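Here are some exercises to work through with the model open beside you. Try each task before reading its solution.

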Amino acid sequence: MGIIVKSPQEIDIMRKAGRIVAAILVLLKKRIEPGIITEELDAITVHELSQHGATSAFKGYRGFPANLCVSVNEELVHGNPGKRVLEDGDIVSLDVGAIFQGFHGDAAITVGVGKISPRAEALLEATEGALNVGIASARSGARLGDISAAIQSFAESRGFSVVREYVGHGIGRQMHEDPQIPNFGSLGQGPLLQRGMTLALEPMVNAGDWRTKVGSDGWTVATADGNLSAHFEHTIAITDGEAEILTTLG
Ligand code: MG
């Protein structure tokens with residue numbers, strides 16, 4: 001398919017899609033507390049999407065049953081919300097994907113439930129920090145590998161590991177467009193970044209080993225060793241200067 005460069009008009013629609021995603025994540029974060037049931041978060045998401053004239057990018061994607069991905073503790077991505085009750089000390093990753101006027105927005109945060117351990121706190125900070133250095137590396141004229149290398153070196157410098165089997169991606173009319181964006185790699189490698197590319201950067205960082213496994217539901221991805229994992233994601237647009245974060249309230 002190749003990398004699809006977007007027009008300013010298309011990026012403007014993606015800005016709107018991104019703002020909807022950001023607003024929903026703010027709302028969900030406020031609702032995170034011990035005792036909330038994960039399917040309640042799904043119900044909030046589908047309600048808010050429809051209020052904004054958007055639909056879930058995840059529902060039905062390869063048969064995914066929910067509108068939101070909710071991944072708890074050792075789970076990192078593709079968690080299917082259900083009857084699970086969040087408990088004090090859990091960490092929970094919330095991944096929201098919206099389709100608005102034919103374009104996608106995709107972002108994720110990991111949030112502590114009640115009081116979390118210092119180790120969990122450090123993992124969240126390292127993962128969000130890795131996303132931020134990835135975004136800072138995403139400049140016109142840089143290479144894709146510069147983003148990957150920045151994410152990997154930041155996470156590993158904090159003593160954590162980056163997941164290999166799941167990656168960031170180009171995004172636009174499709175949720176997953178070229179290029180794939182690994183969270184590990186080498187400076188100066190890969191495609192040249194240019195203005196108008198729209199990318200979803202999404203470090204998944206493990207407290208232990210980087211290996212993962214898919215759960216018995218066929219969806220939920222967890223760490224193979226059972227240690228904690230965190231996930232932060234933004235959809236961004238490459239400009240001539242600093243990348244623009246599209247999944248923000250702006
Ligand atoms: Mg994504």
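This is a predicted model: local features need pLDDT of at least 70, side-chain atom pairs count only at pLDDT 80 or more; totals for chains, interfaces and linings use all residues.

Residues are numbered from 1 along each chain as its sequence is written, and side-chain values use heavy atoms, with hydrogens and water left out.

**Exercise 1.** Find the protein donors of the magnesium ion, taking donors as N, O and S atoms within 2.8 Å of the metal (3.2 Å for Na, K and Ca).

*Solution.* 
- Step 1: Look 2.1 to 2.4 Å from the ion, where you will meet Asp106 (OD), His169 (NE2), Glu202 (OE) and Glu233 (OE).
- Step 2: Write their spacing in sequence, D-x62-H-x32-E-x30-E.
- Step 3: Strands here are DSSP runs of E, at least two residues long, and helices are runs of H or I, at least four, numbered from the N terminus.

**Exercise 2.** Is Asp106 buried or exposed?

*Solution.* 
- Step 1: Recall the cut-offs: buried is under 20% relative accessible area, exposed over 50%, partly exposed in between (1.4 Å probe, protein chains only).
- Step 2: Asp106 has 3% relative accessibility, so it counts as buried.
- Step 3: Glu233, at 1%, is buried.

**Exercise 3.** Work out the strand order of the open sheet of three strands.

*Solution.* 
- Step 1: The order is S6-S10-S13, with antiparallel pairing; pairing requires at least two DSSP bridges between two strands.
- Step 2: S6 (161–162) and S13 (229–231) each have a single partner strand, so one side of each lacks a neighbour in the sheet.
- Step 3: Two bridges join S6 to S10 (residues 204–206), and Val162 has Val205 as its bridge partner in S10.
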